[in-house]
Amino acid sequence: MGFSVVLTLCGGLGLFLFGMRIMSESIEAFAGAKLRSILEKLTTNRFMGIFVGLFFTAIIQSSSACTVMVVSFVNSGLMNLYQAAGVIFGSNIGTTVTALLVSFKLEKVAPIILLLGVITVMFGKKQKVKKVAEIVVGFGVLFMGLSSMSASMGSMKDSPELLNVFQSLQSPILGVLLGLVLTAIIQSSSVTVSIMVLMANQGLMGLEMCMYITLGCNIGACTSAVLASLIGTKDAKRAAAIHVLFNVIGTIFMYILFAFDVDLFVKIMSGIAGNDAGRVVAFSHLFIKVIQVIIMTPFIGPLVKLTKLIIPGEEAKVGYRENFQLKYIGNKVVFNPATAVVDVINEMERMALLAGENLNRAMNALVTLDEDDIDEVYKVEENINFLNHSITDYLVKINQSTLPIEDLKSIGALFHVVNDIERIGDHAENVADCAVRRKDTGVPISKEAQKELTEMIDKVNLIFRYSVEMFTTGNDEHIKDIVQLEDYIDNLERKLQQNHVDRLTKGECTPQAGMIFSDVVSGLERVSDHLTNIAYSMLPEEELKLIKSMHSNGEMND
């Protein structure tokens, strides 16, 4: 076998891997947000989870990408281990689609597919059209790589030495280990099994040995999820452990089955696949996975419990009050482009809760002049500033990665939201400054002024709850309440400012007290504005324009 044949084989493998990556990333960018939504909403029971995992992996052509996403979902608390187990089981069936496509020998149309995709990428105008074209380009490159690999393998048949090497592989254990190592290196069982399909087509590898190598591929495919979970929570590690246990136990079961009569299994698959060697390998891969899922599904509960024995202990909880710590983003959290925006929204919710709590603490300190409360306001403000910088840096980082198109559109809004939350924190600090001035100068606040401030902070707390809920969940149930509350607070600010002037005129309060009162009331009105911005931030532009139009016409206040 000449050196040129080796180069052709390596080049073909490179094109195949590159095509897989382009296709998988482009599909995630085009439909990642919708697929993520499906994963979140339709995995309430194990059977639905299996079908969702199957569908998801069949679409993005990568069980590794699916399981890594599941690990990141578990890490973020969006999915529990029982839901994760179902999706992981399904993804193991979905990953067989690539080898099935390869077995139907689509290499001949690859150049046409690639050309159409490239033309659309070059001349397409809309971003969504270009993303679809990139999927087509990835598909074309993948099959161009297969064509090159197939041609080089055809040349291998002319080398007796190489044929002897392949045919000398008779040990089932060696076959399993070979499949495991190759897949761990390539990090894709789809690629390894696809290579087996090509080798079987060329008569380079016996079908029985292909069965054992395929079993090894199943275990090697766990590498990506294990690596992703290493920096995650205990539950993220357990999700990866479920993936490993499923494949290890399933492989042992199939190995024992093959030990009785692997030839019978091959004959059955040959009957189904029409005696086409490549299709026999591809269909065997599918049936092995289906058998494993059928056998393992009743044991999802015990399997989850087993992972808790393997990885014992409870996770150290990071609440929203912990200082200078990140819970959902950062170096200690599994990063996945498909869940990056979900993670950063969760972190921003923590920041918002801190800011809201700190505002109420400052308002309490303004009346009570409690030194501990005042000091705590300043400490929490430092933590809010830390979160502001960390979240902003993270947004810059994910803006440079391959995010789903829908998520990419929201990045600009998230920059504004983190700034709005930081400004609410600043207003809490301003109130604490007013409390310090009161304490240092002995300025009194009248009972009437205290009552008015209580009314205003109560309304601000209500709009805070509605706005943060709308931002984090996307539920616009309280949009009308938010509009009405903003108007009410604006009017209340004007009313309280006038009341303050009236009291000054009557000599019922001092100018110093009046200045503090006026500053606090103005600050609370601005907090209301920031909260309204937060509520509106994730709305589509057309819906936002409609709301503003209805608001200006008085329709939202009916």
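What is the relative accessibility of G523, and does G523 count as buried or exposed?

Author: Happy to. G523 counts as buried, at 10% relative accessibility; buried means under 20% relative accessible area, exposed over 50% and partly exposed in between, with a 1.4 Å probe and protein chains only. A word on the basis of all this: the model is predicted, so local features need pLDDT of at least 70 and side-chain atom pairs count only at pLDDT 80 or more, while totals for chains, interfaces and linings use all residues. Residues are numbered from 1 along each chain as its sequence is written, and side-chain values use heavy atoms, leaving out hydrogens and water.

G523 belongs to helix 21, residues 511-536; helices (H or I, at least four residues) and strands (E, at least two) are DSSP runs numbered from the N terminus. Its C-alpha atom lies 9.5 Å from that of D426, although G523 and D426 are 97 residues apart in sequence.

Leaving aside residues up to four places away in sequence, I345 touches L414, F471, T472 and M538, where contact means heavy atoms within 4.5 Å.

T473 takes us to the end of helix 19, which covers residues 447-473 and packs against helix 20, residues 479-506. Their axes, lines fitted to C-alpha atoms over the stretch in contact, are 10 Å apart and meet at about 160 degrees, on a scale from 0 to 180 degrees between N-to-C directions. Helix 19 and helix 20 are therefore roughly antiparallel (angles over 145 degrees; under 35 is roughly parallel, 65 to 115 roughly perpendicular and the rest oblique). Their crossing is left-handed, with the near helix turned anticlockwise from the far one by less than a right angle, whereas clockwise would be right-handed. Among the residues making this contact are M456, I463 and Y466 of helix 19 and L485, I489 and R503 of helix 20. By class, the contact of helix 19 with helix 20 has 14 nonpolar, two polar and eight charged residues; Ala, Val, Leu, Ile, Met, Phe, Trp, Tyr, Cys and Pro count as nonpolar, Asp, Glu, Lys and Arg as charged, and the others, Gly among them, as polar.

Elsewhere, helix 4 (residues 81-94) packs on helix 14 (residues 277-296) at about 160 degrees, with axes 8 Å apart. Helix 4 is therefore roughly antiparallel to helix 14, and the crossing here is left-handed. F89, N92 and I93 of helix 4 meet L286, K289, V290, V293 and M296 of helix 14, which divide into six nonpolar, one polar and one charged residues.

One more buried residue is T183, with a relative accessible area of 0%. T183 lies in helix 9, residues 172-186, and its contacts, not counting residues up to four places away in sequence, are S188, S189, T192, C217, G220 and A221.

Finally, the whole chain: it has 22 helices and zero strands, and buried residues make up 52% of its 558 residues. Of the contacts between residues at least 6 apart in sequence, 81% join residues at least 24 apart.
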